[in-house]
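Here are a few exercises to work through with the model open beside you. Try each task before reading its solution.

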Amino acid sequence: MVATARDGRLTAERLIGMAPFAVRDADLWFCGPKGLKDGTLKGLKALDQTPRRVRFEYFEFA
């Protein structure tokens, strides 16, 4: 789990570094604001680590 206030922003590079497997071989499930999804998936694609499937739940802070 990454909490931005505590750990800093989640990036594609950080996600790849945290995973004990190739992200491109996995299903990715996460939740957060739309920008998180868009930025993370764009970064993963640029690094040739696009996950097999993505499941995402949006939420925004008021």
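**Exercise 1: a residue in a helix**

Threonine 40 lies in helix 3, where helices (H or I, at least four residues) and strands (E, at least two) are DSSP runs numbered from the N terminus. A word on the source before we start: this is a predicted model, in which local features need pLDDT of at least 70 and side-chain atom pairs count only at pLDDT 80 or more, while totals for chains, interfaces and linings use all residues. Residues are numbered from 1 along each chain as its sequence is written, and side-chain values use heavy atoms, with hydrogens and water left out.

Task: decide whether threonine 40 is buried or exposed, and find what it touches.

Solution. Start with the cut-offs: buried means under 20% relative accessible area, exposed over 50%, and partly exposed in between (1.4 Å probe, protein chains only). Threonine 40 has a relative accessible area of 3%, so it is buried. Next, look for contacts (heavy atoms within 4.5 Å). Setting aside residues up to four places away in sequence, threonine 40 touches Leu10, Ala12 and Leu15.

**Exercise 2: a residue in a strand**

Solution. Beyond its neighbours within four places in sequence, leucine 28 is in contact with Leu15, Leu41, Leu44, Pro51, Arg53, Val54 and Arg55. For a distance check, take arginine 9: it is 19 residues from leucine 28 in sequence, and their C-alpha atoms are 17 Å apart.

**Exercise 3: the fold**

Task: work out in which sense strand 1 and strand 2 pair, and describe the unit they make with helix 3.

Solution. First, list the elements: the chain has 3 helices and 2 strands, in the order α-α-β-α-β along the sequence. Second, check the pairing, which requires at least two bridges found by DSSP between the strands. Strand 1 (residues 27–32) and strand 2 (residues 53–58) are parallel, with 6 bridges; cysteine 31 stands opposite glutamate 57 in strand 2. Right-handed here means that, with the strands pointing away from the viewer, the path from the first strand over the helix to the second runs clockwise.

**Exercise 4: the whole chain**

Task: find what share of the 62 residues is buried.

Solution. Buried residues make up 26% of the chain.
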